[in-house]
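User: I am new to this structure and would like a short tour of it. Could you begin with the terms and then move on to the residues?

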Amino acid sequence: MTFNNRTALVTGAGRGIGKAIAETLAKNGVNVICVSKSAESCGAVAAAITAAGGKAKALAVDVSDGPAVVKAAEELLKEYGKIDILVNNAGITRDGLIARMSEDDWNAVIQTNLTSAFHWSKAIGWPMCRARYGRIVNIASVVGIVGNAGQANYAAAKGGMIAFTKAIAKEFAKRGVTANVVAPGFIKTDMTSVLGEEVQKAATGMIPMQRFGEPSDIAAAVAFLCSEEANYITGQVFTVDGGMAM
Ligand code: NAP
């Protein structure tokens with residue numbers, strides 16, 4: 001994969017899938033801005049990348065805070081001149097059946113998982129268009145395609161992210177900016193480690209490969225979509241799920 005010394009911003013890069021994405025891009029020579037909610041987690045990832053000879057910077061931003069995202073993007077664009085790759089990965093769950101789901105649970109998930117992608121893609125995507133180059137990869141979920149009981153908020157956010165990505169893919173296509181979705185199935189991270197043993201067993205039973213994926217499985221697909229070689233791919237949804245949602 002070719003990356004030509006690009007600069008990337010990865011949200012949710014402090015742990016799990018985002019950490020693997022940041023590390024994979026950095027191994028390929030990309031200068032990575034690692035964003036997470038806590039300074040500790042993105043700081044540790046950026047420090048490890050730098051210690052391994054890569055280029056990285058940590059930035060603590062609450063992606064559910066629109067004005068904070070806009071301010072961070074403006075400052076980063078001043079510092080770096082341009083950002084070539086944007087990976088909207090930060091996400092949370094607030095699960096519960098809709099009968100018991102509070103409006104706070106709904107809003108928190110929509111703000112963090114979907115509205116954040118709007119703010120980052122607007123603030124960074126438009127400068128990408130002016131530069132006539134860019135790669136946006138949004139991390140959704142198979143739940144955004146097939147739905148899931150107990151995750152109405154999460155499914156709405158992820159399904160919204162898929163439609164949002166297709167819309168900006170159409171807006172940005174003639175300016176050399178691609179936008180694609182990677183939709184993971186069950187991946188071994190903190191997000192899934194909280195699921196009970198029975199739930200994990202039932203989930204594994206639905207996966208043709210009979211196992212949860214690794215964060216690196218998602219990172220590999222994301223890195224390809226961010227590479228120069230993925231030049232003619234836009235508006236697509238790549239499920240990386242061991243065959244679960246086929
Ligand atoms: P994770 O291990 O829980 O890590 C989430 C990351 O997002 C953390 O670095 C966290 O920051 C960051 N984050 C959360 N809220 C944030 C906020 N308001 N502002 C800034 N950063 C925030 O999650 P994961 O499993 O790697 O999931 C990554 C993405 O993949 C999510 O969008 C998730 O929905 C999606 N996904 C995951 C799975 C799965 O099975 N794991 C399946 C499908 C889709 P801190 O480190 O500071 O806490």
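Analyst: Contact means that heavy atoms lie within 4.5 Å. This is a predicted model, in which local features need pLDDT of at least 70 and side-chain atom pairs count only at pLDDT 80 or more, while totals for chains, interfaces and linings use all residues. Residues are numbered from 1 along each chain as its sequence is written, and side-chain values use heavy atoms, with hydrogens and water left out.

User: Which residues does Ala60 touch, not counting those up to four places away in sequence?
Analyst: Ala60 touches Ser36, Lys37, Ser38, Ala39 and Cys42. Ala60 is part of strand β3, residues 56–60; strands (E, at least two residues) and helices (H or I, at least four) are DSSP runs, numbered from the N terminus.

User: Is Ala60 buried or partly exposed?
Analyst: Ala60 is partly exposed, at 42% relative accessibility. Buried means under 20% relative accessible area, exposed over 50%, and partly exposed in between, with a 1.4 Å probe and protein chains only.

User: Let us turn to the whole chain. How many helices and strands are there?
Analyst: The chain has nine helices and seven strands. Its radius of gyration, taken over C-alpha atoms, is 17 Å, close to the 18 Å that the globule rule gives for 246 residues, so the chain is as compact as a globular protein of that length. The globule rule is 2.2 Å times the number of residues to the power 0.38.

User: What does the C-alpha trace span, and how much of the chain is buried?
Analyst: Along its principal axes the trace spans about 50 × 35 × 35 Å. Of the 246 residues, 48% count as buried. Among contacts with a separation of 6 or more, 71% come from residues 24 or more positions apart.

User: Which residues have the most contacts inside the largest nonpolar core?
Analyst: They are Leu9, Val35, Ile83, Leu86, Trp120, Ile124 and Ile136, in a core of 34 residues. Two or more residues each come from β2 (31–36), α3 (66–80), α4 (103–131), α6 (152–172) and β6 (177–184). Helix α4 gives the most, with nine residues. A nonpolar core is a set of buried Ala, Val, Leu, Ile, Met, Phe, Trp, Tyr and Cys residues joined through side-chain atoms within 4.5 Å.

User: Is Asn31 buried or exposed?
Analyst: Asn31 counts as buried, at 16% relative accessibility. Asn31 belongs to strand β2, and beyond its neighbours within four places in sequence, it is in contact with Arg6, Thr7, Ala8, Lys55, Ala56 and Tyr80.

User: Where is Ala223?
Analyst: Ala223 is in helix α9, residues 215–226, and is buried with a relative accessible area of 1%. Leaving aside neighbours within four places in sequence, Ala223 is in contact with Met1, Phe3, Thr24 and Leu25.

User: Last, what is phi of Gln210?
Analyst: Phi of Gln210 is near 60 degrees, a positive value in a residue other than glycine. Gln210 lies in the loop between α8 (197–205) and α9 and is partly exposed, at 48% relative accessibility.
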